[in-house]
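Dear colleague,

Please find below the structure that I am handing over to you, with its sequence. My notes on what was found in it follow directly after.

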Amino acid sequence: MTPDSLQQLLAAIASGHTSSQEGFEQLKHLSFQAIDDFAKVDHQRQLRTGFPEVVWGPGKTPEQVEQIVQALAVHNPVVMVTRVEPAVADILGERIPLLHYYAQAKICALLQTPLQVKHPGTIGILSAGTADLPVAEEAATTASLCGFKVEKLWDVGVAGLHRLLSHRALIQSMDVLIVVAGMEGALPSVVAGLVDCPVIGVPTSVGYGTSFGGVAPLLTMLNSCAVGVGVVNIDNGFGAAMLAGQILRTGDRLKSALPHGGQGR
């Protein structure tokens, strides 16, 4: 339940258009809803954090995922399931007709209203190489489904720096950047030295043996000599997108709190 829908419900009860019993039925699962003995769906998360609960796909049966998605769909126009393998996506697609599968991002989404940009600002997402695309696409799809405008820039790693520099004007126009890189993970540091916005580094598990499954790029990003770089966990495109969204939403809230809504006299 979104803040707007909650206000509409309370107004309907106050005006008599909705009975108190009908209102109670809609509100009784506001905190959480138990589903059999395997899940407690958090319907209040969007009211607390600005984003609804997202379903982690691995470790759940298709039947469990289906029940959780159906419960979330009652209160949310968009329901996301992450890290869904193609075989599981096929089963879910048969059970939930409106479910869409973003294959490269491995995200299933139930869209009950047309997808649209709801928040100001633009999230730029860069990938160092083509092998980093699954993580980069997870970030891009997550951000888009959460209502943010996204610009993608793929295969601009430091092995061919001219590829990145040819898009310098584009990356400098972004409001927050997500930079996805494996191997040695140098790209976020390079990008942060060129821009004045926050940079979120996402290390990937792409690399040779001494990459240690993404630990090497993780340490590189944590030791960035450029300022303004934050780092999420290995392969965590979803987490990077959610953090970028929170940065933009916080900036918009602070701007609106300024005299004249942040506009000059």
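I begin with S211, which touches M183, V206, A216 and P217, leaving aside residues up to four places away in sequence; contact here means heavy atoms within 4.5 Å. S211 sits in the loop between β10 (199-203) and α10 (215-222). Because its relative accessibility is 5%, S211 counts as buried; the class buried means under 20% relative accessible area, exposed over 50%, and partly exposed in between, with a 1.4 Å probe and protein chains only.

Please note that this is a predicted model, in which local features need pLDDT of at least 70 and side-chain atom pairs count only at pLDDT 80 or more, whereas totals for chains, interfaces and linings use all residues. Residues are numbered from 1 along each chain as its sequence is written, and side-chain values use heavy atoms, with hydrogens and water left out. Helices (H or I, at least four residues) and strands (E, at least two) are DSSP runs, numbered from the N terminus.

The sheet

Five strands make up an open sheet with parallel pairing, in the order β8-β7-β9-β10-β11; two strands pair if DSSP finds at least two bridges between them. At the edges stand β8 (149-153) and β11 (229-231), each with a single partner strand, so one side of each has no neighbour in the sheet. From one strand to the next, the twist averages 25 degrees. Axes are lines fitted to C-alpha atoms, for helices over the stretch in contact, and angles run from 0 to 180 degrees between N-to-C directions.

Strand β9 (residues 176-181) is largely enclosed by the rest of the structure, because six of its six residues are buried. V176, I178 and V180 point one way from β9, while L177, V179 and A181 point the other way. Strand β7 (residues 122-127) pairs with β9 in the parallel sense over five bridges, and V176 in β9 is the bridge partner of I123. The pairing of β9 with β10 is likewise parallel, over five bridges. In β10, V202 is the bridge partner of V180, and P203 stands opposite A181. Helix α10 lies across β9, β10 and β11 and runs at about 160 degrees to β10.

Q70 belongs to helix α4 (residues 62-73). Because its relative accessibility is 35%, Q70 counts as partly exposed. Beyond residues up to four places away in sequence, Q70 touches R95 and I96. Q70 and L10 are 60 residues apart in sequence and 24 Å apart in space, C-alpha to C-alpha.

How do α4 and helix α5 (residues 86-95) pack? Their axes are 10 Å apart, at an angle of about 50 degrees. The two helices are therefore oblique to each other; angles under 35 degrees count as roughly parallel, over 145 as roughly antiparallel, 65 to 115 as roughly perpendicular and the rest as oblique. In their contact, P62, E63, V65, E66 and Q70 of α4 meet V88, I91, L92 and R95 of α5. These residues divide into five nonpolar, one polar and three charged, where Ala, Val, Leu, Ile, Met, Phe, Trp, Tyr, Cys and Pro count as nonpolar, Asp, Glu, Lys and Arg as charged, and the others, Gly among them, as polar.

Yours sincerely
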